[in-house]
Amino acid sequence: MKARRTMLVASAAAAVLFAIAGCSSTESGTPSGDAGSVEGKEICYITLANSHPYVTPANEGAQAAADAAGVKLTIVSEEFSAQTGAEQLNTCVSRGVDGILLWPADENSYLPGLLKAEQAGIPVVAIDTRAGDESMKLIQSFAGADKYDQGKISAQQMEKALEGEGGVVIIAGQAGNGTEIARTGGFMDELEATESKLEVLATVNADFDQQKALVASRDLLTKYGDQIKGVYAEDDTMAKGFLQALEESGLGFIPIVIGINGEAGAFENIKAGTQYSTILQPPFRNGELAIETLVKVMKGETVPEMVPLENTVVDSTNVDTLEPAM
Amino acid sequence: MTKPEQSALALRMTGISKSFPGVKALQNVNLEVREGEVHAIVGENGAGKSTLMKILAGFYQPDEGEIQAAGETVSHWTPREARDRGIGMIYQELNLVPDLSVAENISLGAMPRRGPFVDYRTVTVLAKSVLTELDADIDPGTRLGDLSISQQQLVEIAKVVARKPRIVVFDEPTSSLGDKETRVLFDVIEKMRSRGIAIIYISHRLQEVMEIGDRVTVLRDGRHIETRDVAGVTPDQMVRLMVGRDLSEMFPKLDLELGETVLSVTNISRVGQFEDVTLDVRANEIVGLAGLVGSGRTEVARAIFGLDPIDSGEISLRGKVVRITNPRKGVAAGIALVPEDRKGQGIIPALSVRENFTLAVITRITNALLIFARREKAIVTDLADRLKVNPPQIERPLNAFSGGNQQKVVLGKWLLSEPSLLILDEPTRGVDVGAKADIHEIIGEFAQSGGAVLMISSELPELLAVCDRIFVLHEGNLVAEIPRAAASEESVMRAATGQVSAA
Amino acid sequence: MTDLKTPAVTFDKTRTPGTLFSTLSIPVAIVVLVVIGAIVSPSFLTVSNLTNVINANSTVGLIALGMTFVMVCGGLADLSVPANVAMGALVTLGAQPVVGPGAAALLGILVATAGGVINGLLVGYLRINPIIATLGTGSVLLGLSQLLIGGGIVYAQPSDLANFVKSSILGVPVLIWIFVIVALILQPLLSRTAYGRWNLAVGGNYQAAAASGVPVRFTKASAFALTGLLSGICGTLLALSNGQARPIIGTGYEFVAITAVVIGGTSVFGGNGSIFRTVGGVIITALIGNLIILSGLPTQATGLITGAIVVGAVGIDAYFRRKAGRE
Amino acid sequence: MKGFTISTAASRVVQYRLLVMLVAVAVFGGLNVDDFLTINTLQSVIDRATVVGFLALGLTPVLIAGQIDLSIGSTMSMAGITTIFLQSYIGNIPAALVGLVVGVLIGVINAVLVVVFKINSLVATLATLLVFASLALLVTNSYPLSSSDPIFGIPLTADFLAIFTPRSAMFIAAALIMFVWLKATPSGRNLYAVGSNAPAAKSAGINANGYLAATFVISGLFAGAAGVLQSLSTAAGSPVAGAVMLIPAITAVVIGGTRLEGGRGSSLATLGGVLALGALTAALEYSGVPSYTQAVYTGLLLILLITLDRLVSGDGTTASRTHRRVKVEPTTPRIP
């Protein structure tokens, strides 16, 4: 009992320690440098993840661009959780950094933090994924290959390859995940907008996981068989899972399989003719582009609302000329 | 001494019967307790004392019979009812919360409050006053789990005393108390009696019953035998009433030629438990280890088997010094221990009779990979037959059997391991009479076939009848070695209570 | 039941509703699900679909088999499974260029087993609560696996081993063969060996098992090591059959495995359990996933249905247990 | 009783673990990160601890009672979705209250499964974890809901009393209230009794089942509060908001010193655990340590603390009838 009480008192003392130290050192915080120079300024980069085939090279690109510009880059990872990211956004604002690069994990969760950043006069640039419309008003620029657009492009590809007819299955990512939402939404909206006659037979969530896609695809093939004219897999890993199931099934028909991400495996499948297309977006460049944009904003330069990263459609016509992203 | 006859009835239990599967625990038992009386209940283990008390506490519902407290008949007797009518129970098993303070334990279930909060001042004052009353030097703020067991026992008593009860049941309260603490307890009981509290006192220690009891009720095999004034009986008469037959009839004893020394223990000690214990057991011999609960007898047994390490001393088996640091080595060395705590350490309740039987020897009936299922079944079937396991269903989970049959299975488990030394810790506690005789027969056969037996029992008649020699422990020290010829209840008891110095 | 010479078979254990439930519930549940499947979809009762059902959980099923031992011996659950799966998969592919596919696979399995051994030491020998211990090791190992590969994907090199894993023997995929073989090894291990008996005894009453000379700490530790080993095999097989691996590869497998074991009727308190019943649980969870897609229900409903089945199965079991206890 | 040995040193470390951690974090952060030791950092650490803090607080009584609740993450998601969904229909405050009610209802379901149907809490709450995670995705069709009034929640994370934000002040207040409840009221003490020795508690007339049920309801309420606060302050109701929260919450409670075996623990210890973990995360994040390396550190810390705890406390000796120590107590003569 007694020991515990001492411990609590001591913990409180430690908290006071923070506070006192804080008072003495606040003066040193955030002197604003000369306009036009960003040397030594600090950027907080809220990235989607630390360990991910697309995100990791993007992080490396961001770091490289930051080093080149002479700014200090602190990378914090929200680990695919918008809630964690929203907290980190608040933290970055309260730390008074000079610029924030944000990788939105969903459309909606960042709005309050963005409002705070605006009040604090900290510019925010989004990378890779758009936030919702309300949020985008508070974001200076967006650098990336829009995932929503990738959904749209995939729908257009499907439309083209199937000549506007036939059954399609969607193998979606993790339910509720931002990428899943954007890629599904873009695809569906495009079908609707173009009044497409493509029929979506089923949508299954396979969590961006090859094994889960494999298992789900087997069941889809059992249920629909060659009714499946097209497959929209929200990343190449899951496309691979479908192709595996198709091969196992021995059904022998060749549907249009569309993936996203430009993985090495997808390149091979496109060369082999089993996959129709993928969308290549160079992650390293994405990171660079985003930091370059943010640096421009911090220097006071005007930047466009969107700095596009080319969504390159890779299919049999150009697969030999391109390098896979991962 | 007050004259109980003049005081009013505090409790009347009439015609109480209670059956459990396979056992008639109580049959038509009557009990009357007056205010200001210490009413002792004696009987052998399994006589029905604890069942009767559990009914009184409201944990069991009687199949038949009526309970009347302070003149009122209560139809549905629940734990809450029992408490509200001022019945306090002090069990052998501690019923305390280790993670709360002493004071909180004393007030548990009825904490005084001030507004929404615990009134800690009152809690502490209450605890202090009760502890002072009990002459117990315990800080009420201490975490209960940090106290020694005997201190905890005092807290247990304090908890009941604090409720200002009208009837208090003491169930073997002195089993873990030292002499001084026992004296203190008797003073407390004396004070309670003078305040008109009715006290039910259950003990195996007939001397204690003689000392503080006013009247005594004897139970045997679930029946009420007799209630008498203590002043009018001798311990011998009590024993006769409890046992109800000649001892020799109960425990047949074969005289056997003793063999070589199987176990020889020299000066073993374990800090805080026992000191410099030296004893030996020979083949064909049954050696008793007597002592009050808490005298260290169980601890000595555990140490020999390897459950607890010894700090110093030497153990040899058949002349060879062995170091047994865990039960596996104990088993390998040919030792078997039937533990006192059958439920906790003896049986695996969910497993079948077969699986329990072969647990200790399972590696001996396997080939490189698999258990010989047929051989296992044959062995087990044979053993179940020999030990008269009832019902004879070896695939039935053990928790579906009566205590006596469970004990037979534990015993059988160890017989299968073909030990040279069989240690038995309270082998017949909580076992009905029939099974008890079976168990004695099994032990006898084992000794006859050349085994050495070291047996612990709280029932002196049992030890006296079965054993060739009896070692007696008192507070962790070996105080006597008594050969069969010289052993009597009195001689053993005197040693166990520390009235003789080391032999 | 028993062939004792003494007659008086008064009480037949298979006749109480409780034992009846625990014996029949799984076959009945499987039959019910199959009937539903046959009604819902004409393609359900085809050889290829039924193969798919078994194949769907054949890799995660391996872990459920190991988890059965963990639960039987009273070790609650192993939450470090995803980390050990990831370790197995990443090492298997990552080491391929250096030591060749076969040795790399063994290395992967070995590393995962080492993870299991650490769990075993913490739980069995230091007697730390398994939930916390495996939560901690899981966090460390998964972090390490990500640290090792930085980010991204590890790709497999084409190898005979990978081709073999992906192939079929007698029309049955190799992965199913492996699951079946492992189950056929572990079933007698649990029910017919001294080691299996130890597990049941340790889970049934730790103290009594210790006092009977059962190597309690080893038994408990080895159950976790076994689960590590099987997680490693699972990771290795996934990596080889998928041709690539990422640290997220085993995400959620711990819950799938626990669910399958629990549906199979093994008590979380330990002391009973059977590999065959776990296999039943694995099949039931696979059937649920299969039926959801075949019937066109959203995949998100899986948790809802699985959770309901868990509550139903365990709740009824607990009810019968209490009833039996009251007798 | 003991001289100075490694075990006493270890027991000091265990006793003062939170202090040791906070000081270590302060030193580490101060050396590695510019402007780490500031009021701002303190404020944001406490603020960020709020959501996981509410979950951990709710879990504390459950663990004291010797049970576990795995469903808190799913409960949090459900409450958040409900709040955001209802905002435009019934207004902000009523919607938040309904969010709390959803949390309580899920707590009641857990309580019924555990207390009435006697399902082991690990299994029962695993099932409700699956069910409500699934339900959250189904009712939202996996899309996070947008708040109809995104401005409403912003003040929750504004400055408040120098080192707090309104929501973190709520969290601290909740921890203090729970502390008072657990330590100073009869029902709080009874809860410890139930977790420490249920038969003894029952024989003292305490309704053990009632207490068990209550802990699940409390845990549901707190998970609901976490969901409501999270959804309001992010102006979004995500069906997966709680999915990643369970493990940090359990870790924080355990680091604080509450045991899974029941009978011990305190909400202030949980508060300390949450803050220590939050401070550690902040320091590591600010110094650019990748998340997976953070996971390695957190995992090692957890194992280290629990191992020390185990080694120091031994086998948790409780009164066992079979293995009594014969200990002759020093008898102090009493002055009459």
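Q: How far apart are the centres of domain 2 of chain B and domain 3 of chain B?
A: In this predicted model, the centres of these two domains of chain B, taken over C-alpha atoms, are separated by 25 Å. The bounds come from an automatic or database domain assignment, which divides chain B into domain 1 (4-244), domain 2 (245-334 + 420-503) and domain 3 (343-418).

Q: How many residues of domain 2 of chain B are in contact with domain 3 of chain B?
A: On the domain 2 side of chain B there are 11 residues, in contact with 12 residues of domain 3 of chain B. Two residues are in contact if their C-beta atoms, placed from the backbone, lie within 7 Å.

Q: Which helix gives the largest share of the domain 2 side?
A: Helix α16 (residues 433-448) of chain B does, with five residues. Helices (H or I, at least four residues) and strands (E, at least two) are DSSP runs, numbered from the N terminus. By class, the side of domain 2 of chain B that touches domain 3 of chain B has eight nonpolar, one polar and two charged residues. Ala, Val, Leu, Ile, Met, Phe, Trp, Tyr, Cys and Pro count as nonpolar, Asp, Glu, Lys and Arg as charged, and the others, Gly among them, as polar.

Q: A word on numbering and cut-offs, please.
A: Residues are numbered from 1 along each chain as its sequence is written, while chains are lettered from A and ligands numbered from 1 in the order in which they are written. As the model is predicted, local features need pLDDT of at least 70 and side-chain atom pairs count only at pLDDT 80 or more, whereas totals for chains, interfaces and linings use all residues.

Q: Where is confidence lowest and highest in chain B?
A: Helix α9 (residues 247-250) of chain B is lowest, at a mean of 47, and strand β19 (residues 421-425) of chain B is highest, at 95. For chain B the mean pLDDT (the predictor's confidence in each residue, from 0 to 100) is 85, with 92% of its residues at 70 or more. Where pLDDT is low, the predicted coordinates should not be read in detail.

Q: Why is α10(B) described as largely enclosed?
A: Helix α10 (residues 297-305) of chain B is largely enclosed by the rest of the structure because nine of its nine residues are buried. A residue is buried if 20 or more other C-beta atoms lie within 10 Å of its own, exposed if 12 or fewer, and partly exposed in between, with C-beta atoms placed from the backbone. The buried residues of α10(B) include Arg297(B), Glu299(B) and Phe305(B). Just after α10(B), Gly306(B) has a positive phi of about 100°.

Q: Turning to chain D, where is the kink in helix α3 centred?
A: The kink, of about 50°, is centred on Thr50(D) in helix α3 (residues 39-64) of chain D. The bend at a residue is the angle between axes fitted to the seven residues ending there and the seven starting there. Of the 26 residues of α3(D), 25 are buried.

Q: How many residues of chain D are in contact with chain C?
A: Chain D has 37 residues in contact with 38 residues of chain C. On the chain D side, α6(D) gives the most, with 13 residues. By class, that side has 25 nonpolar, nine polar and three charged residues.

Q: Is Ser134(D) buried or exposed?
A: Ser134(D) counts as buried because it has 24 C-beta neighbours inside 10 Å. Ser134(D) lies in helix α6 of chain D. Leaving aside neighbours within four places in sequence, Ser134(D) is in contact with Gln300(C), Ala301(C), Thr302(C), Gly303(C) and Leu304(C).

Q: What is the make-up of chain A in helices and strands?
A: Chain A has 11 helices and 12 strands. Of its 326 residues, 61% count as buried.
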